[in-house]
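Here are my notes on the model you asked me to look over. They are set out as numbered points, to be read with the structure open.

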Amino acid sequence: MFYAIKPALNGQDQKDTSRKKMSNSIQNNSNKVIVAENLTKKFGHFIAVDDISFEVERGEIFGFLGANGAGKTTAMRMLCGLSIPTGGKGIVAGYDIEKQTELVKKSIGYMSQKFSLYDDLKVWENIELFGGIYGMKDKEIREKTDLLMQALHFEGERNKLVGSLPLGFKQKLAFSVSIFHTPKVVFLDEPTGGVDPITRRQFWELIYDATSRGITVFVTTHYMDEAEYCNRVSIMVDGKIEALDSPRNLKKQFNATSMDDVFQQLARKSIRKAD
Amino acid sequence: MERTNNNPETAIRCDSVCKKYGKTEALKGLNFDVRRGEIFGIIGPDGAGKTTLFRILTTLILADSGTASVDGFDVVKDYKEIRKRVGYMPGRFSLYQDLTVEENLNFFATVFNTTIEENYELVKDIYQQIEPFKKRRAGKLSGGMKQKLALSCALIHKPSVLFLDEPTTGVDPVSRKEFWGMLKKLKEQGITILVSTPYMDEASLCDRIALIQNGRFLKIDTPKDIVSQYGNRLWAVQSDNMYKLLTDLRANELSENCFAFGDKHHVSVDNEQFKIDDLRQYLEQKGHTNIEIREIEPSIEDCFMQLSQR
């Protein structure tokens with residue numbers, strides 16, 4: 001399946017020209033936060049990601065679905081500048097994912113269920129550490145920490161070790177830390193796995209809040225109700241993107257009543273045995 | 001060996017089981033029993049106490065207080081007897097990564113004084129799916145295949161009770177359905193299954209379930225009866241602006257609570273006088289368009305959220 005790259009929307013990018021870094025940018029268009037063009041990754045003879053093309057616009061919540069082993073993690077690693085594509089190209093936050101990996105890493109946020117924060121550091125220490133890694137000034141970190149603690153109602157937890165917090169708490173904090181440096185796009189890899197149903201919903205409210213501030217969200221999940229919260233959803237099968245549209249249109253296209261139904265129809269086509 | 005609990009119909013019994021880790025109360029007095037041949041689900045989020053409960057029942061850790069028995073044997077006094085009789089698949093993959101598929105299965109059979117051949121019938125359906133890869137090292141298997149191998153290893157000594165701690169966590173929806181299909185077949189062979197999961201939609205596949213949060217059971221019953229005890233009416237609501245809709249529904253004093261549920265919002269209504277048309281009118285006043293409201297049957301997730309807020 002091929003998705004044509006839409007012509008650039010101009011006008012919005014003028015604001016950013018004062019920033020020197022932008023001169024490094026290949027694609028001077030702030031509306032497309034992710035552009036993948038025929039992106040491919042081979043490991044030996046195995047094609048983990050097979051010629052995928054798509055783009056994600058600023059402020060969008062983009063759901064990246066697929067069965068275990070469909071190639072999601074490999075694709076995500078390439079988009080985060082952690083793995084070099086063997087074919088095609090990708091632009092994330094205006095930077096080339098092959099040639100400008102360090103600039104890509106600086107411009108994104110990342111959070112997963114498995115790795116989020118350091119358990120043996122306090123809440124404020126985790127924030128300071130990650131803020132520092134992303135090059136934020138001490139004063140800015142302090143001010144933003146205060147605001148964040150208020151917004152999350154976490155004032156009482158500020159000096160607690162992260163390891164002592166309930167999981168739901170941790171995941172909300174981890175997400176807030178992943179966007180603390182105001183990245184252009186945040187990659188969330190199964191952020192709500194194992195989280196209780198109420199916290200899971202509060203987590204999505206944080207996601208909506210982030211997008212309202214212009215942060216783009218790229219998210220994977222195994223909860224099909226969460227697929228419905230995305231503006232658009234892509235479904236990978238055996239390394240290829242087999243469907244990409246809004247949840248509403250996908251349900252129409254597959255004559256399905258739920259995203260679970262759409263997913264089941266597509267994922268059952270998989271012939272790949274490996275995970 | 002004398003059994004503590006002589007009721008042959010009870011496969012697992014827990015009586016006031018408590019467990020603390022330092023100051024954290026992981027289990028706060030759990031009572032339940034599992035009947036022979038049941039698929040019993042322990043359903044709740046991470047950190048609720050599921051794994052602690054499994055470790056106590058499989059005799060790997062001791063409860064601080066309370067008693068428990070498996071297959072009629074006490075988990076403290078008769079732990080050796082229990083270990084012979086149960087199969088346990090922990091949440092984390094715990095087979096030998098540097099042994100092959102076949103070597104792992106063989107090892108577990110030998111440890112339990114049996115052979116693959118002797119109980120092959122029991123694992124056949126599951127093991128056949130990974131048999132083409134039997135010379136491959138377990139560490140090199142895909143997630144789905146590891147899961148099948150772990151289940152085969154937990155079954156190879158023909159246990160009477162099978163403990164599965166979050167077997168489907170992180171597994172995609174298609175593979176999860178397949179896995180539950182396998183459990184149904186095992187149940188038909190008379191094996192009692194205690195299974196934990198954070199996925200509420202898997203509740204309906206169990207005979208009975210216990211909803212667990214913060215070391216306490218919120219409810220124990222059949223999925224059907226839990227749903228029928230929901231109490232409130234539940235409406236599914238849609239409009240063109242779902243984000244604003246959530247805020248407006250929450251501001252409405254007639255609904256007890258409101259949560260996003262995929263492409264709809266679920267509104268729990270405790271006032272009998274309140275009609276769907278009243279809500280429609282309210283939403284129209286708020287400027288919503290293409291409003292759709294339907295009365296629906298609650299899911300286990302609706303029930304869980306209602307119970308956990310009490």
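1. Start with helix H9 of chain A. Its buried residues are Met259(A), Val262(A), Phe263(A), Gln264(A), Leu266(A) and Ala267(A). An α-helix has 3.6 residues a turn, so residues three or four places apart point the same way. Keep that in mind when picking out Met259(A), Val262(A), Phe263(A) and Leu266(A) among the buried residues of the helix.

2. What do the buried residues of H9(A) pack against? Within chain A, the partners are strand S3 (61–66), H7, strand S9 (232–237), strand S10 (240–245) and helix H8 (247–253). Chain B contributes as well, through its helix H6 (173–188). A salt bridge also joins the two chains here: the side chains of Asp260(A) and Lys177(B) meet at 3.9 Å, N to O.

3. Before going further, note that this is a predicted model. The predictor gives the complex an ipTM of 0.82 and a pTM of 0.85. Chain A has a mean pLDDT of 87, with 88% of its residues at 70 or more. For chain B the mean is 93, and 98% of the residues reach 70 or more.

4. One stretch of chain A should be read with care. Over residues 1–27 of chain A, pLDDT stays under 50. The model has 44 contacts beyond four places in sequence for that stretch.

5. Now the interface as a whole. In chain A, 31 residues are in contact with 32 residues of chain B. The two chains bury about 2,500 Å² between them, and 57% of that is on carbon and sulfur atoms. On the chain A side, the residues that lose the most area to chain B are Ile198(A), Arg201(A) and His222(A), which together account for 21% of what that side buries.

6. How many salt bridges and polar contacts are there between chain A and chain B? The count is five salt bridges. There are eleven residue pairs in polar contact, counting pairs with both residues at pLDDT 80 or more. On the side of chain A that touches chain B, the elements giving two or more residues are helix H6 (197–212), helix H7 (224–227) and helix H9 (259–267) of chain A. H6(A) gives the most, with six residues. By class, that side of chain A has twelve nonpolar, seven polar and twelve charged residues.

7. Chain B by itself has ten helices and 14 strands. Its C-alpha atoms fill a box of roughly 75 × 45 × 35 Å along the principal axes. Of its 310 residues, 53% are buried. Among contacts in chain B with a separation of 6 or more, 70% are between residues 24 or more positions apart.

8. A last point concerns one residue of chain B. Gln238(B) is found in strand S11 (residues 233–238) of chain B. Is Gln238(B) buried or exposed? Its relative accessible area is 18%, so it counts as buried, the cut-off being under 20%. A polar atom of its side chain lies 3.5 Å from the backbone oxygen of Asp263(B). Leaving aside neighbours within four places in sequence, Gln238(B) is in contact with Leu245(B), Asp263(B), Lys264(B), Asn290(B), Ile291(B) and Glu292(B).

Definitions and conventions. Residues numbered from 1 in each chain as written. Chains lettered and ligands numbered in written order. Heavy atoms only, no water. Contact = heavy atoms within 4.5 Å. Buried area = accessible area lost by both parts, 1.4 Å probe. Salt bridge = Lys/Arg side-chain N within 4 Å of Asp/Glu carboxyl O. Polar contact = N/O pair within 3.5 Å; in protein donor to acceptor, adjacent residues only side chain to side chain. Helix = DSSP H or I, 4+ residues; strand = E, 2+ residues; numbered from the N terminus. Nonpolar A, V, L, I, M, F, W, Y, C, P; charged D, E, K, R; others polar. pLDDT = per-residue confidence, 0-100. Buried < 20%, exposed > 50% of the residue type's maximum accessible area, 1.4 Å probe, protein only.
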